[in-house]
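Please keep the structure in view while reading.

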Amino acid sequence: MATIELEVKKIYPDISRSEQLAADFFLNNKEAIFQYSLATLAKMSQTSQGAWVRFCKSLGYDGMKDLKNALFNEINNAKVNDAAETAIEFSDIHECSSISAIARNVCNSSIEAIHMTCQLLDETLLETVAEHVIHAKSIRLFGIGASGLVAMDLYYKLLRIGFNVTYTSDFHISMTYASTSTEEDVALIFSNSGETSEIIKIVHVLKENHTPTVAITKYTNSTLSKAADYALYMNSPEIFKRSGAMSSRIAQLCLSDILFTVIANRDYQNIEGNLEKSYDVVKSLSPTPKDHS
């Protein structure tokens with residue numbers, strides 16, 4: 001999915017109805033903006049030329065010409081990448097007719113989720129978040145359901161390298177962690193939708209305590225992404241009506257692993273010893289192969 005298309009979907013809920021008409025036309029007829037004049041596009045989309053200009057500016061472009069140039073470059077780059085890759089097909093659960101089709105579908109959606117997430121990486125923001133984590137008095141992780149599994153995975157990783165980190169799947173205890181947080185801590189909040197009611201309640205408590213908050217969430221203008229101090233975005237294919245948590249979980253895990261690796265890289269001198277100690281301890285728990293000589 002094109003980055004510009006993602007941006008349109010992100011801003012869509014916050015733009016005016018007249019701009020939404022332009023956005024709808026754009027999403028369904030991207031090639032048309034190269035073929036028709038602004039006046040014709042306005043007529044075809046049943047809105048005004050001014051609405052199209054405002055739509056372009058809402059996306060961060062100076063006007064239609066600027067949007068056309070950006071889209072042209074993006075389409076050409078996508079064609080180059082597509083030529084080097086095998087076509088990926090998606091279908092919903094009930095449409096898979098064989099185990100091989102199911103396996104191919106799950107693998108393809110995971111690959112696409114990783115690819116889409118990598119397109120959204122903001123290196124400067126990752127660096128900033130990593131510095132917050134490294135220098136925080138404690139790291140408070142929050143996540144519910146499938147997103148909680150990703151939070152737990154990062155909890156284990158940070159614990160292994162000696163960070164003061166907390167996580168629980170219990171909502172009431174999570175609220176306790178949030179209520180006792182301070183401005184010296186940092187909170188990482190995992191939520192694909194960014195609208196989970198329990199998560200929003202937790203964020204409100206964190207904000208009251210002036211705790212720096214980082215959202216790991218889908219690329220939308222969600223309640224969570226708007227409330228958090230920083231937002232690390234992921235994305236995934238939207239084809240699984242009954243199993244969306246699969247590809248979104250992979251996308252979150254990918255982003256979480258990237259963040260962890262940045263943290264470990266930037267603080268390696270301090271964590272190297274902990275990595276070696278935790279590896280040796282875990283290895284010592286493995287059974288020793290019997291000598292059959």
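The model is predicted. Helix 1 and helix 2 cross in a left-handed sense, and the contact between them is made by Ile4, Glu5, Val8 and Lys9 of helix 1 with Ala23, Phe26 and Leu27 of helix 2. Helix 10 and helix 11, in contrast, form a right-handed crossing.

**Overall make-up**
- The chain contains 14 helices and five strands.
- It has 293 residues, of which 42% count as buried.
- Among contacts with a separation of 6 or more, 69% are between residues 24 or more positions apart.

**Helix 1 and helix 2**
- Helix 1 spans residues 3-11 and helix 2 spans residues 17-28; their axes are 11 Å apart and the packing angle is about 150°.
- Angles over 145 degrees count as roughly antiparallel, and helix 1 and helix 2 are therefore roughly antiparallel to each other.
- The residues of this contact comprise five nonpolar, no polar and two charged.
- Helix 2 has 12 residues and reaches 17 Å from its first C-alpha to its last, close to the expected 16 Å.
- The buried residues of helix 2 are Glu19, Gln20, Ala22, Ala23, Phe25 and Phe26. Among them, Ala23 and Phe26 also belong to the contact with helix 1.

**Helix 10 and helix 11**
- Helix 10 (residues 171-179) packs against helix 11 (residues 197-208) at an angle of about 20°, with the axes 8 Å apart.
- That angle makes helix 10 roughly parallel to helix 11, since angles under 35 degrees count as such.
- On the helix 10 side, the contact involves Phe171, Ser174, Met175, Ala178 and Ser179. They meet Glu198, Lys201, Ile202, Val205 and Leu206 of helix 11.
- By class, the residues of this contact are six nonpolar, two polar and two charged.
- An α-helix has 3.6 residues a turn, so residues three or four places apart point the same way.

**Loop residues with positive phi**
- Most residues other than glycine have a negative phi.
- Gln46, which is not a glycine, has a positive phi of about 60°. Gln46 is in the loop between helix 4 (38-44) and helix 5 (49-58).
- Gln46 counts as exposed because its relative accessibility is 68%, and the cut-off for exposed is over 50%.
- His210 also has a positive phi, near 60°. His210 lies in the loop between helix 11 and strand 4 (213-218).
- With a relative accessible area of 60%, His210 is exposed.

Notes. Residues numbered from 1 in each chain as written. Predicted model: local features only at pLDDT ≥ 70, side-chain atom pairs only at ≥ 80, totals over all residues. Heavy atoms only, no water. Axes fitted to C-alpha atoms, helices over the stretch in contact; angles between N-to-C directions. Helix = DSSP H or I, 4+ residues; strand = E, 2+ residues; numbered from the N terminus. Parallel < 35°, antiparallel > 145°, perpendicular 65-115°, else oblique. Left-handed = near helix turned anticlockwise from the far one by under 90°. Contact = heavy atoms within 4.5 Å. Nonpolar A, V, L, I, M, F, W, Y, C, P; charged D, E, K, R; others polar. Expected span 1.5 Å × (residues − 1). Buried < 20%, exposed > 50% of the residue type's maximum accessible area, 1.4 Å probe, protein only.
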